[in-house]
Amino acid sequence: MKKCAKECELKKVCCEEEGCRYWIKYIEDLNCSLLAIHKNGNMTLREVADRLQISFVRVKQIEDKAIKKITKVKSIDL
């Protein structure tokens, strides 16, 4: 885990660094996607959608596209 995430978790303060690639606007997870994963483990698509403030359907579309890319790369490697 990144140093800043550990620091926020230790101090129990929300991250204010909106420019960070791991920053999310979700106070319950101290505004950090790394802490969200560390704290919650596997999450449902709906939980991810809530954290990213996008629709469940959009998260599903992103997941489908990622799986398609992984499958394509995997078939090339064979």
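A: Happy to! The largest pocket is lined by Ile24, Ser33, Ala36, Ile37, Gly41, Asn42, Met43, Val48, Arg51 and Leu52. Two elements, α2 (33-40) and α3 (45-52), each give two or more residues to that lining; helices here are DSSP runs of H or I with at least four residues, numbered from the N terminus. A pocket is an open set of points on a 1 Å grid over the protein atoms alone, where a 1.4 Å probe fits, with protein on both sides within 12 Å along at least five of seven lines, and lining residues have an atom within 4 Å of a point.

The space in the largest pocket comes to about 170 Å³, where a volume is the space filled by probe spheres set on the points, and points are joined across faces, edges and corners. By class, six of the lining residues are nonpolar, three are polar and one is charged. In this scheme Ala, Val, Leu, Ile, Met, Phe, Trp, Tyr, Cys and Pro count as nonpolar, Asp, Glu, Lys and Arg as charged, and the others, Gly among them, as polar.

A word on the basis: this is a predicted model, so local features need pLDDT of at least 70 and side-chain atom pairs count only at pLDDT 80 or more, while totals for chains, interfaces and linings use all residues. Residues are numbered from 1 along each chain as its sequence is written, and side-chain values use heavy atoms, leaving out hydrogens and water.

Now to the salt bridges. Lys39 counts as exposed because its relative accessibility is 53%, whereas Asp29 is buried at 2%; buried means under 20% relative accessible area, exposed over 50%, and partly exposed in between (1.4 Å probe, protein chains only).

Another salt bridge pairs Glu63 with Lys60, their closest N and O atoms 3.3 Å apart. Both lie in helix α4 (residues 56-77), three residues apart, about one turn of the helix. Glu63 is partly exposed at 29%, and Lys60 is partly exposed at 34%. Elsewhere, salt bridges that share partners join Asp29, Lys39 and Arg51 into one network, and Arg51 is also among the residues lining the largest pocket.

Key. A salt bridge is a side-chain nitrogen of Lys or Arg within 4 Å of a carboxyl oxygen of Asp or Glu.
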